[in-house]
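Hi,

Here is the structure I promised to pass on. My notes on it follow below.

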Amino acid sequence: MKLAGLKIGMALTGSFCTYKAAIEEMKKMAEEGAELYPIMSFQSQNINSRFGNCSEFKNKIEEICGRSIIDSIETAEPIGPSGFLDILIIMPCTGNTIAKLANGITDSPVLMAAKAHMRNEKPLLISISTNDALGMNFKNIGLLMNCKNVYFVPFGQDAPEKKPNSMIAHVEQLIPSVESALKGKQIQPVIR
Ligand SMILES: Cc1cc2nc3c(=O)[nH]c(=O)nc-3n(C[C@H](O)[C@H](O)[C@H](O)COP(=O)(O)O)c2cc1C
């Protein structure tokens with residue numbers, strides 16, 4: 001099993017169209033032996049959308065991970081002092097969370113988890129999904145790419161004609177991206 005014994009923080013933010021694929025990848029990580037610690041932003045816990053009902057998503061995520069969701073800033077904060085995560089994944093990561101992370105803002109459970117985890121100098125892996133990746137958030141993605149201990153799941157344009165600024169991670173590359181980040185390496189090519 002590729003991820004046996006690893007403690008992985010699995011943080012979700014409000015890119016609801018990506019949840020189905022993200023949940024599939026969570027299942028694969030659990031099957032590979034990872035211990036998953038689910039974390040959700042406030043928006044991701046509370047928004048019902050055409051992509052699904054938030055309580056159904058939460059139930060499914062808790063079932064796969066076998067533990068309760070870290071759903072508040074106070075329950076995310078101990079990730080820092082206890083230092084128990086080997087790696088933290090933000091998947092999907094919205095433009096909103098990218099912008100805040102790049103600017104040191106910590107006002108959601110996911111951002112608190114990231115700040116707490118980063119103080120321990122362990123890898124943070126970002127799987128983006130945002131319509132403004134090549135627009136308002138281009139600078140923030142660039143900033144994070146140049147940050148110590150921050151890695152990206154490879155990503156590319158998903159609909160260049162209809163949504164020219166949109167980019168999305170190739171989530172099927174998640175497990176190799178985790179393995180690479182744990183070795184201190186950005187998986188390449190990162191833009192595909
Ligand atoms: C149905 C729906 C789909 C959304 N999809 C995305 C998305 O794919 N990417 C994105 O960056 N924001 C998306 N958003 C907007 C975010 O949910 C919104 O910016 C929110 O404030 C994100 O908060 P968070 O980053 O704390 O989860 C979507 C919103 C809704 C209602």
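Thr130 is buried, because 27 other C-beta atoms sit within 10 Å (buried means 20 or more other C-beta atoms within 10 Å of the residue's own, exposed 12 or fewer, partly exposed in between, with C-beta atoms placed from the backbone). Before you go further: this is a predicted model, where local features need pLDDT of at least 70, side-chain atom pairs count only at pLDDT 80 or more, and totals for chains, interfaces and linings use all residues. Residues are numbered from 1 along each chain as its sequence is written.

Thr130 belongs to strand β4 (residues 124–130); helices (H or I, at least four residues) and strands (E, at least two) are DSSP runs, numbered from the N terminus. Leaving out residues up to four places away in sequence, Thr130 touches Ser15, Thr94, Gly95, Ile98, Asn137 and Met167 (contact: C-beta atoms, placed from the backbone, within 7 Å).

Now the ligand. It is surrounded by 18 residues, and the closest include Ser15 and Thr94 (near means a C-beta atom, placed from the backbone, within 6 Å of the molecule). β4 supplies at least two residues of that shell, as do α2 (42–46) and α6 (95–102). The largest share, three residues, comes from α6.

Of its 192 residues, 43% count as buried. Among contacts with a separation of 6 or more, 79% are between residues 24 or more positions apart.

Cheers

How values were computed: Contact = placed C-beta atoms within 7 Å.
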